[in-house]
Amino acid sequence: MLSDKYIYAPFWKRWFAMSIDGLIMFIPGFILSLITSFIFGIGGWIVNWLYFALQEGSADRATLGKKAMGIAVIQTNGESIEFGRATGRFFAKILSALSLVGYFLPFFNPKNKALHDMIADTVVIRVAPAQGWAILLGGFLVGIEIVALIAGLIALSVLITAIFASSSY
């Protein structure tokens, strides 16, 4: 078990780090998905999997986004995670996304664990102060994500309204 010497990473630092990692991985993932589109864009998945699993399973225990935010992934017993556990954690994120609540579980448990952390038996901890530029970039990216989400919900409601309006004649 972890001792009191660890400070668990808050939700906002995790979200900012994930947004920075998403920006870093967008271009290579997109290009590789185009090249390998004949096999359903699996190239993008492979790039993302290796990006997360190799970095989180390394001595740094963190992706570039996590490093910028001063956070790292460890096992709940305090040991570093290895490539295999990092791989399991990466694929468990699919369940976090599909469940719609998996990413919000950190709000409801004292160790701020998401569903994929519970599955992989990991925690995200603070290891250093966040870089100032990373806070600004992460906040900017999260703002864009929120605006895009709202715009998507508005577009969906307009589409649904149009479908129901056209079917009433």
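Of the 169 residues of the protein chain, 36% count as buried, where buried means under 20% relative accessible area, exposed means over 50%, and partly exposed lies in between (1.4 Å probe, protein chains only). The model is a predicted one, in which local features need pLDDT of at least 70 and side-chain atom pairs count only at pLDDT 80 or more, while totals for chains, interfaces and linings use all residues. Residues are numbered from 1 along each chain as its sequence is written, and side-chain values use heavy atoms, with hydrogens and water left out.

The C-alpha atoms of the protein chain fill a box of roughly 65 × 40 × 30 Å along the principal axes. Its secondary structure comes to six helices and two strands; helices (H or I, at least four residues) and strands (E, at least two) are DSSP runs numbered from the N terminus. From that terminus on, the order of the elements is α-α-α-β-α-α-β-α. Residues 24 or more positions apart account for 70% of the contacts with a separation of 6 or more, a contact being heavy atoms within 4.5 Å.

Strand β1 (residues 71–75) is largely enclosed by the rest of the structure, because five of its five residues are buried. In a regular strand the side chains alternate between the two faces of the sheet. In β1, Ile71, Val73 and Gln75 point one way and Ala72 and Ile74 the other. Strand β2 (residues 122–126) runs antiparallel to β1 and is joined to it by five bridges; strands pair if DSSP finds at least two bridges between them. Within β2, valine 123 is the bridge partner of isoleucine 74.

The largest nonpolar core has 15 residues, and those with the most contacts inside it are Ile20, Met69, Ile71, Val124 and Ala134. Such a core is a set of buried Ala, Val, Leu, Ile, Met, Phe, Trp, Tyr and Cys residues joined through side-chain atoms within 4.5 Å. The elements that give two or more residues to this core are α1, α3 (64–69), β1 and α6. Apart from this core lies another, of five residues, among them Tyr6, Ile74, Val123 and Ile125. Isoleucine 20, leaving aside its neighbours within four places in sequence, is in contact with Gly65, Met69, Ala134, Leu137, Gly138 and Leu141.

Helix α6 (residues 132–167) has 36 residues and reaches 53 Å from its first C-alpha to its last, close to the 52 Å expected; the expected span is 1.5 Å times one less than the number of residues. Ala134, Gly138, Leu141 and Val142 are buried in α6. Helix α4 (residues 83–98), of 16 residues, reaches 23 Å, close to the expected 22 Å. Buried residues in α4 include Ala86, Phe90 and Ser96. After α4 comes leucine 100, whose phi is positive, near 65°.

A search of the whole structure finds twelve aromatic pairs. Rings of Phe, Tyr and Trp (its six-membered ring) pair if their centres lie within 6.5 Å; planes under 30 degrees apart count as stacked, over 60 as edge-to-face and the rest as tilted. Tryptophan 12 and phenylalanine 16 form an edge-to-face pair, 5.3 Å centre to centre with 80° between the planes. These two residues are four apart in helix α1 (residues 11–35), so about one helical turn separates them. Tryptophan 12 is partly exposed, with a relative accessible area of 36%, whereas phenylalanine 16 is buried, at 12%. Trp45, Trp49, Tyr51, Phe52, Phe83, Phe90 and Phe91 form one aromatic cluster.
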